[in-house]
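Please read them alongside the coordinates.

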Amino acid sequence: MELLEGEKEVIVNYVEGILEEFDPVQENLVPILQEVQERLGYIPALAMEMIATALDLPPVDVYGPATFYNQFRLVPPGKYQFKVCMGTACYMAGGQIALDSFERRLNIKEGETTPDREFGLEHVTCVGCCTLAPVVMVGDQVEGHVTPTRVDGILLAYDAITDEKENEGDK
Ligand code: FES
């Protein structure tokens, strides 16, 4: 994912600081990745390159574990992260339809973030509000009974629908 202006400096600063906290040995790879994720919210490709250099590892030896473990994100989270529940109750009640609507309206796929970093989309498992299925979480906010019309309402509330996207959706 293309870095926005100023992001490169932030990443370099954070990762340099983190690398100073650990001995540069392979055993520290996962703790370093965890720390990067904790502070930046994801693990940028640039961070992986810096870690590989610092630990004197081939890049693939950093990329491998970073992609293997589910706990690591390789895409920056959106300022607003839409989490569509795909637990059984939500799935049966139309969770996939809600997810498809978000994908179409935001013009991104699940697991992606809009290029301006405003909105991210992911699926989650049961969030414990099955009676409201299908459910979408935005931050701590629970949105229930999310039909495609409700998706539009939610996105409008976050200014996530531009005229362009609205027109696309009407096609
Ligand atoms: S399955 Fe979605 S809240 Fe339980």
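1. Asp56 counts as exposed, at 70% relative accessibility, where exposed means over 50% relative accessible area, buried under 20% and partly exposed in between, with a 1.4 Å probe and protein chains only. This is a predicted model, in which local features need pLDDT of at least 70 and side-chain atom pairs count only at pLDDT 80 or more, while totals for chains, interfaces and linings use all residues. Residues are numbered from 1 along each chain as its sequence is written, and side-chain values use heavy atoms, with hydrogens and water left out.

2. On the backbone, Asp56 has a positive phi near 55° although it is a residue other than glycine, and it is found in the loop between α3 (45-55) and α4 (59-68); helices (H or I, at least four residues) and strands (E, at least two) are DSSP runs, numbered from the N terminus. His145, likewise a residue other than glycine, has a positive phi near 50°; this residue lies in the loop between β4 (141-143) and α7 (148-157) and is partly exposed, with a relative accessible area of 45%. A cis peptide bond, with omega about -5°, joins Ala133 and Pro134, and Pro134 is found in the loop between β2 (119-124) and β3 (136-138).

3. Which residues of α7 are buried? They are Val151, Ile154 and Leu155, and they lie on the same side of α7 because they cover an arc of only 95° around the axis, the arc being that of the directions from the helix axis to the C-beta atoms. As background, an α-helix has 3.6 residues a turn, so residues three or four places apart point the same way. The buried residues of α7 pack against β1 (80-85), α6 (95-106), β3 and β4, with contact meaning heavy atoms within 4.5 Å. The face turned away from the buried side of α7 carries the exposed residues Thr149 and Ala157, and just after α7, Asp159 takes a positive phi of about 55°.

4. The largest pocket has a volume of about 380 Å³. A pocket here is an open set of points on a 1 Å grid over the protein atoms alone, with protein on both sides within 12 Å along at least five of seven lines, and lining residues have an atom within 4 Å of a point; the volume is the space filled by probe spheres set on the points. Of its 15 lining residues, Asn70, Phe72, Arg73, Leu74 and Glu122 lie nearest the centre of the largest pocket, and β2 gives the most to this lining, with three residues.

5. The second largest pocket has a volume of about 160 Å³ and is lined by 13 residues, of which Met1, Pro44, Ala45, Leu46 and Leu74 lie nearest its centre. To the lining of the second largest pocket α3 gives the most, with four residues.

6. The aromatic pairs number seven, where rings of Phe, Tyr and Trp (its six-membered ring) pair if their centres lie within 6.5 Å, and planes under 30 degrees apart count as stacked, over 60 as edge-to-face and the rest as tilted. Tyr80 and Phe119 form a stacked pair, at 5.9 Å centre to centre and 25° between the planes. Tyr80 lies in strand β1 and Phe119 in strand β2, so the pair ties together parts that are 39 residues apart in sequence. Tyr80 is partly exposed, with a relative accessible area of 28%, whereas Phe119 counts as buried at 5% relative accessibility. One aromatic cluster is formed by Tyr80, Phe82, Phe102, Phe119 and Tyr158.

Technical notes:
1 Å grid on protein atoms, 1.4 Å probe; cavity = no way out; pocket = protein on both sides within 12 Å on 5 of 7 lines; lining within 4 Å.
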